[in-house]
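Colleague: Please put the model up, and then take a few questions on it.

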Amino acid sequence: MKRTKIHSKRNSDSKKKQHLKKEAKKIWGISSTTNIGNFFISCRKGLLLSKIVK
Amino acid sequence: MKTILASVPPWYPNQPYLSIPLLTGILRNEGYRVYQRDINLSFFDNLLSEKELVTQFSSITQNSLSEKEKSLYTLKDYFINNVFLMKSQLRDLSFYKNKIALKETFEDIDLILKTYQLNYNDLNISLGYIEYNFNHFNPNTIIKYIDDSNNLFKYYFEKYELDYLLEIIPDIFGISITIPEQLIPALSFAKIIKQYSPPTKILLGGDYISRIYEKFVKNNFFDELYDFILIGETEESIKILFKTFFDKNNNIFDNVPNLIWKDKSNKTHINNKESISKYSNNVYPDFDGLELDKYFTPKFIIPIEVSKGCYWGKCKFCEIAGKQYFQKTSNSLLKEIKFLSAKYNTNYFSFVSSAPSPKLLKILSNLLIKENIKIYWSAMLRLEPYIDNKFAETLYNGGMKLAMIGIESGSQKTLDAMNKGLSIKNNNKILRLLSRNNIFTHCYFMLNYENEDVFEQKKTFEFIQNNRKYINSLSITDYVKPIFKENDLNNFNIYLDNSLPKTNTLIQSNRYFIEDKNPIFHINTYLVINA
């Protein structure tokens with residue numbers, strides 16, 4: 001019972017955090033599909049890298 | 001006889017910028033004691049640290065924040081508690097298999113870096129990039145920021161780099177300035193170096209400074225913040241400079257080509273420019289002293305130079321057009337690769353040259369295959385008509401995993417106007433060949449070349465659409481012709497006049513990507529394609 005409660009609280013915290021993060025990213029213009037500044041190049045470089053170093 | 005050579009932010013911190021290790025190798029080979037610092041790497045590493053985030057958040061009063069700023073502040077604990085893990089993930093090869101998580105980590109890191117905007121609202125920092133919320137091409141606004149007490153780079157250097165400087169007290173502190181955004185950090189550091197270590201001479205070099213030095217000298221900009229500027233290729237001239245400075249203890253530097261220097265009366269001299277006449281490959285880049293395990297990459301990828309200039313050299317938009325082309329021999333490259341691979345225990349290389357000859361890459365590939373050397377590399381590739389299936393197969397078997405290709409346009413009219421020397425038909429064909437041979441392709445496109453009309457621009461989007469299966473990623477740049485305003489000092493821009501109105505409202509943004517065959521287009525692209 002206790003364990004379920006803790007798990008449930010963690011889950012709820014995590015969901016809340018995810019929501020806040022999502023909102024903040026929206027407010028600050030950070031999204032893979034809409035932010036097309038250099039951030040995305042950075043992102044791409046990481047992904048490009050994943051192609052090279054497999 | 002001590003020297004520090006440093007690269008400064010912003011640059012993407014996944015590998016050292018080659019010029020510093022290359023010059024370090026050259027100078028160490030000449031017997032000079034050189035310390036190299038990748039301040040760009042340490043900058044992003046420290047900004048993304050628990051300790052620094054705690055410091056930043058502790059100086060923020062929550063009540064004074066706007067709603068936008070509060071959205072970051074509420075994530076304070078999450079940022080502080082997870083930032084170390086996020087950096088570790090970017091350095092962990094297994095994490096790269098989970099693309100969704102990888103993407104989220106990149107976004108989270110970017111979000112964390114926005115935190116610095118709460119204290120330093122003149123800057124907008126992303127991983128590897130800094131945007132200035134003022135005109136960073138204008139010397140007046142540049143100097144204003146450098147002198148500002150709320151200068152992040154001043155804060156950073158005094159906190160993280162000053163002890164190192166004072167421990168070494170170098171005779172020369174060399175700073176590489178490759179892109180416009182690095183000028184402010186470089187000059188901010190130079191000012192602190194002059195303040196805390198007055199005898200240290202400041203040496204500036206790099207691509208950007210080589211383009212704008214005349215403006216510096218003519219207008220006495222930032223005059224007190226540098227002692228020497230080396231322009232262009234510096235491999236030979238830096239040796240002469242150091243010999244004159246250290247060995248002869250001379251104050252007269254008129255024998256050093258490509259050097260800007262000041263005499264005892266503080267008069268500035270611009271020495272003769274000399275192009276390199278030979279391409280020596282006797283000295284390899286030396287990465288010793290850099291924190292190679294701290295780069296934001298799961299594997300250390302060694303940058304090496306394959307060639308200088310462009311063997312085609314006729315594209316009208318290109319800044320290296322007309323310059324002489326040099327290339328290393330395949331045997332010397334093989335020797336260099338073997339040496340560096342063994343020394344730094346990595347099989348990953350990026351050939352950082354602008355336009356190596358595909359024929360050279362093929363010969364090198366054959367050598368690597370013959371000697372059974374398993375390395376993986378990326379390079380720029382011009383889609384020459386002689387590239388056939390066998391050619392592409394050889395490149396792949398020789399280790400080419402990523403080809404970076406300047407396609408430029410889907411319009412033959414535009415390609416011809418650029419003097420690109422390649423046809424659309426040819427580009428279509430070779431992209432397919434590369435894809436068939438599992439070479440990952442990243443393609444560069446350019447819109448608005450010499451006010452290209454919308455009809456021709458659409459052809460580029462059609463080209464992308466038609467080649468979706470064969471283009472793995474791409475970037476699109478809006479062509480802006482550099483224009484100098486000589487007489488208007490209030491609006492004086494050192495290099496690019498970015499205040500020019502964009503003539504083409506279709507292009508609101510400049511980069512679009514296709515990823516793993518699933519297009520992630522910017523909405524404007526859809527508008528263009530579906531128009």
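**Questions on chain B**

Colleague: Is B:Glu224 buried or exposed?
Modeller: A residue is buried if 20 or more other C-beta atoms, placed from the backbone, lie within 10 Å of its own, exposed if 12 or fewer, and partly exposed in between. B:Glu224 has 11 other C-beta atoms within 10 Å. By that count B:Glu224 is therefore exposed.

Colleague: What kind of model is this, and how are its parts numbered?
Modeller: Residues are numbered from 1 along each chain as its sequence is written, while chains are lettered from A and ligands numbered from 1 in the order in which they are written. Local features need pLDDT of at least 70, side-chain atom pairs count only at pLDDT 80 or more, and totals for chains, interfaces and linings use all residues, since this is a predicted model.

Colleague: Where does B:Glu224 lie?
Modeller: Helices (H or I, at least four residues) and strands (E, at least two) are DSSP runs, numbered from the N terminus. B:Glu224 is in the loop between α11 and β7 (228-230) of chain B.

Colleague: How far in space is B:Glu224 from B:Ile202, C-alpha to C-alpha?
Modeller: In sequence, B:Glu224 and B:Ile202 are 22 residues apart. In space, their C-alpha atoms are apart by 9.7 Å.

Colleague: Into which domains is chain B divided?
Modeller: The bounds come from an automatic or database domain assignment. They give domain 1 (2-41 + 139-235), domain 2 (45-132) and domain 3 (299-530).

Colleague: Which helix gives the most to the side of domain 1 of chain B that touches domain 3 of chain B?
Modeller: Two residues are in contact if their C-beta atoms, placed from the backbone, lie within 7 Å. The contact takes 8 residues from domain 1 of chain B and 8 residues from domain 3 of chain B. On the domain 1 side, the most, 3 residues, comes from helix α11 (residues 207-219) of chain B.

Colleague: Why are α9(B) and α10(B) oblique to each other?
Modeller: Axes are lines fitted to C-alpha atoms, for helices over the stretch in contact, and angles run from 0 to 180 degrees between N-to-C directions. Helix α9 (residues 152-168) and helix α10 (residues 183-196) of chain B pack with their axes 10 Å apart, at an angle of about 50°. Angles under 35 degrees count as roughly parallel, over 145 as roughly antiparallel, 65 to 115 as roughly perpendicular and the rest as oblique. The pair α9(B) and α10(B) is therefore oblique.

Colleague: How do the residues of the contact of α9(B) with α10(B) divide?
Modeller: Ala, Val, Leu, Ile, Met, Phe, Trp, Tyr, Cys and Pro count as nonpolar, Asp, Glu, Lys and Arg as charged, and the others, Gly among them, as polar. Residues in the contact include B:Phe157 of α9(B) and B:Phe189 of α10(B). The contact divides into 11 nonpolar, 1 polar and 2 charged.

Colleague: Is B:Asn438 buried or exposed?
Modeller: B:Asn438 sits in the loop between α17 (424-436) and β16 (440-447) of chain B. Its phi is positive, about 65°, although B:Asn438 is not a glycine. With 12 C-beta neighbours inside 10 Å, B:Asn438 counts as exposed.

Colleague: Which residue does a cis peptide bond join to B:Pro9?
Modeller: Omega of this bond is about 0°.
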